[in-house]
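Biologist: I've got a model open and I'd like to learn how to read the place where two chains meet. Can you walk me through it?

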Amino acid sequence: MDDSLNRRDWLRTLGASGLAAGLGAWHAGHAAAQESGFQSSVIDQHEVQPNRACPSLTDGKVIQPRRELPVVHQTDVLVVGGGPAGVCAAIAARRAGVDVTLVERYGHFGGLWSGGLVLVILGHIVKGGKQVCQGIGEEMMRRLDKLDGAIIDRRPGANPTVDAEAVKYLMVEMIEEVQAKVFLHCWGVDAIVNGNTVHGAVFESKSGRQAILAKTVVDATGDGDLFAAAGAEYERRSHNIGLVSRIGNLDRVDRARAEGSPKPRNLGGRTPVPGVNWVNMHGPEVDGLDVETLTRLELNHRKFIWKNMQKVRRTPGYEKVYLMETAPQLGVRITRVLNGLQRVTLDDLKAATTFADVIGVGGASNGQHGEWQIPYGALVPEKTDNLLAAGRCISAEIRMADLVRLIPNCFVTGHAAGVAAAVAVADGCRPRDVDVKKVQRVLQEQEAYLG
Amino acid sequence: MAGTPSKRRRLARRLIRVLVFVAAVLVLLPQAESWQLAVVVPAASPLVAVASVLATRTLPWTACLGLAVGAIGLLRRRWFCRWACPVGLLADGATRIGLRLGRRCPHTPPLGQWIALAIIGGACLGYPVLLWLDPLALFSGPFSLLDAAPAKAAWWSAAAIAAVLLLGTLWPGSWCLRVCPLGATQDLLHRFCRWLRRTSARSAARPVSRQVDRGLPRRLVLGTLIGIGWAAAVRAVHARAAPCLRPPGALDETQFVGLCIRCGNCLRACPAEIIEPDRGQQGLAGLLAPVVEFREDYCREDCTRCAEACPSGALTPFGLEDKARVAIGLARVDMDVCLLGEARECSACRNYCPYEAIAYVWDEVQYTLTPRVNAERCPGCGACEVACPTTPTKAIRVHPC
């Protein structure tokens, strides 16, 4: 009996919805929803729009028609990319007194530092252990010190390791503190360009394709997506791409049992979470801009990491070690590199060249080099205006790529790009015409180290 | 009145000797640009020249200088000793002190002639034994102490010069007349010349000189044979010695150790200061010969100085265009030490290699990234070894070929 009643109820519901569909009117549907008590779940109902400007298949080719994009926001400085460079740029520009908007493709800040699980801070020191990464980068490390379980090995000459969640939290705190406008889940896909002049960027998100207008844009995408879209010249490079992971229970390894067997290779380095290590990975040297390559690597790396962990767990004494997580972000090391007004070179590093337009000093992974200065010109595209590069994609020769891409050096170039963009906006000039002395002064006020 | 010209001549000779001495010192001082001139001092020795020509079977321009000095010696007996030799000047001073102290030189066999002959004999086998006893080589060696990064082992060369002076003081005149192989070479040359002249005109022979010369052919043969035997023995023994890193252009290990006169020119000429005197790591045979150590710097891709500064041909000079092909050794990676072995971030060796000889190879099965050295391209310049951040052992090191 219950069964038949239920069926009747179900049929009645079906009839009601069939009636609603038959009416076809939005108002009627709305009313039906109201009646059914599900009002809060319906925001909008779309009719078929005859003038929707979606791509069409014309003569076997997919054609994207011309269309107007909604401008969702206007800002002074637009920072695209919320990794170490982008976040530093946004904070620096905001502190320099201009309106800032930060756009990030994922749901959190930190880029490869947090999302890529590259948890060690390599490259903030030079020979002799002196820390050259100051300013906002150092402020972050200092603030991580104050958080519980956020950073370890914070001592002179050492490479600290952070907790990814602490980084994500801290960056939210700092971005909210400076009151920068933020768009998350937004993928910067195009630049708005007239001639050589950039006026903002276009984003793809769940809200569709939208535009943000800006006086100056900082490309902190890492891949140089914005300068490439804006038509700036760049070099496209391959590098090995891996996938970082975290493994747990290393504090529960049975030493006595493990004694006799060879220690599994590459168990990574410790993190602030007890018993948890982060495990770095290399990979084939490939083009990190090719989506098929990225797909293949994701698949292969995941298979390897899982199988390798099974092998570790079969090692006597290591049975309790487990795979905690793989990084949400694939470890792309380098892709596009800007052709800037100046170029960071290994010869300059060796010769310890000083630049009149220095905007930061770089360090080395293990402090094996002296101080190397980064000139402002390395952030400025040769021809494109109103755009600055920050992070791993700044103008640097290939031998310097592995130093430039280090997280602390991204803090440094991000900080400088943010200040320079703010000064350009405040002075109403193009970034290439900016008064570098003024940029240096503001950077020093913000406790950056310039040599 | 007859004494005046000879007195004047003596004065002039003394003046010239002092001038030559000062010039030699100035040239050997390790200044930035004098390395090209420094080669002149040891190269002026006819003994070094003859040994070099015999051992390498080539005729470098440096040898021409020594041969010219030797040619004059054919006509004028020991003219180099009397007019130019800087060690001679020092030894004369020691002799004078010794004489004043009342020391006298006992009768000693002509050791120098035996040494010189052994050198020539050895050179025929490519291993001129005891060539380092050449006074100009001994004189050059201690200047390495004045180098920007003084080579500690250069104290040995300083000790050798001190020994010469001590010898001169204890037995006045013994070094120059009895021990010095360069002086003895000149004696031999002169006597040989006289003997030639006499055999061509047999009539005018004096009994006294015939008596002196009677021992000469025997000494010539025996001395040379001693040298050949010695060289053969060393070659047999040294062949088993572990090879080590020599400056670029070095001859094969045994020949190099023999022909190198330990003058220190190469290590003073090296702008990177990577050449050091061997402190006996390679056994006694290699003592003070230059070895390459990559501590702070590497063998620069734009430099050919050491080979150009070599007076004896132990280092074969080469052009800059051949630099990439003149090997010191070959870089080799120890994956137990390499940061990539632990999947850590590093690309120092690849980035610093001036010859693009290092590639990182990904193994799809093992999932490892390994530096691979291209032996065709790697001349063992050591740039990778210097750049390698691992301590205390470097993961990438240059090994002898």
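Biologist: How much area do chain B and chain A bury between them?

Modeller: In general, the size of an interface is often given as the accessible area lost when the parts come together. In this predicted model, chain B and chain A bury about 2,100 Å² between them. Carbon and sulfur atoms account for 44% of that. On the chain B side, Glu345(B), Tyr352(B) and Tyr367(B) lose the most area to chain A, and together they make up 34% of what that side buries.

Biologist: And how many residues does each chain bring to the contact?

Modeller: Chain A brings 25 residues, and chain B brings 22.

Biologist: Okay, now the charges. How many salt bridges are there between chain B and chain A?

Modeller: For a pair to count, a side-chain nitrogen of Lys or Arg has to sit within 4 Å of a carboxyl oxygen of Asp or Glu. That gives three salt bridges between chain B and chain A. Take Arg350(B) and Glu285(A): their side chains meet in a salt bridge at 3.0 Å, N to O.

Biologist: Which helix of chain B gives the most to the side that touches chain A?

Modeller: That's helix α17, residues 348-352, with three residues. As for the make-up of that whole side of chain B, there are twelve nonpolar residues, six charged and four polar.

Biologist: What about polar contacts across the interface?

Modeller: There are 15 residue pairs in polar contact between chain B and chain A, with both residues at pLDDT 80 or more.

Biologist: Last one: how far apart are the C-alpha centres of domain 1 and domain 2 of chain B?

Modeller: Domain 1 covers 13-238 and domain 2 covers 328-401 in the assignment for chain B. Their C-alpha centres lie 46 Å apart.

Methods:
Residues numbered from 1 in each chain as written. Chains lettered and ligands numbered in written order. Predicted model: local features only at pLDDT ≥ 70, side-chain atom pairs only at ≥ 80, totals over all residues. Heavy atoms only, no water. Contact = heavy atoms within 4.5 Å. Buried area = accessible area lost by both parts, 1.4 Å probe. Polar contact = N/O pair within 3.5 Å; in protein donor to acceptor, adjacent residues only side chain to side chain. Helix = DSSP H or I, 4+ residues; strand = E, 2+ residues; numbered from the N terminus. Nonpolar A, V, L, I, M, F, W, Y, C, P; charged D, E, K, R; others polar. Domains from an automatic or database assignment.
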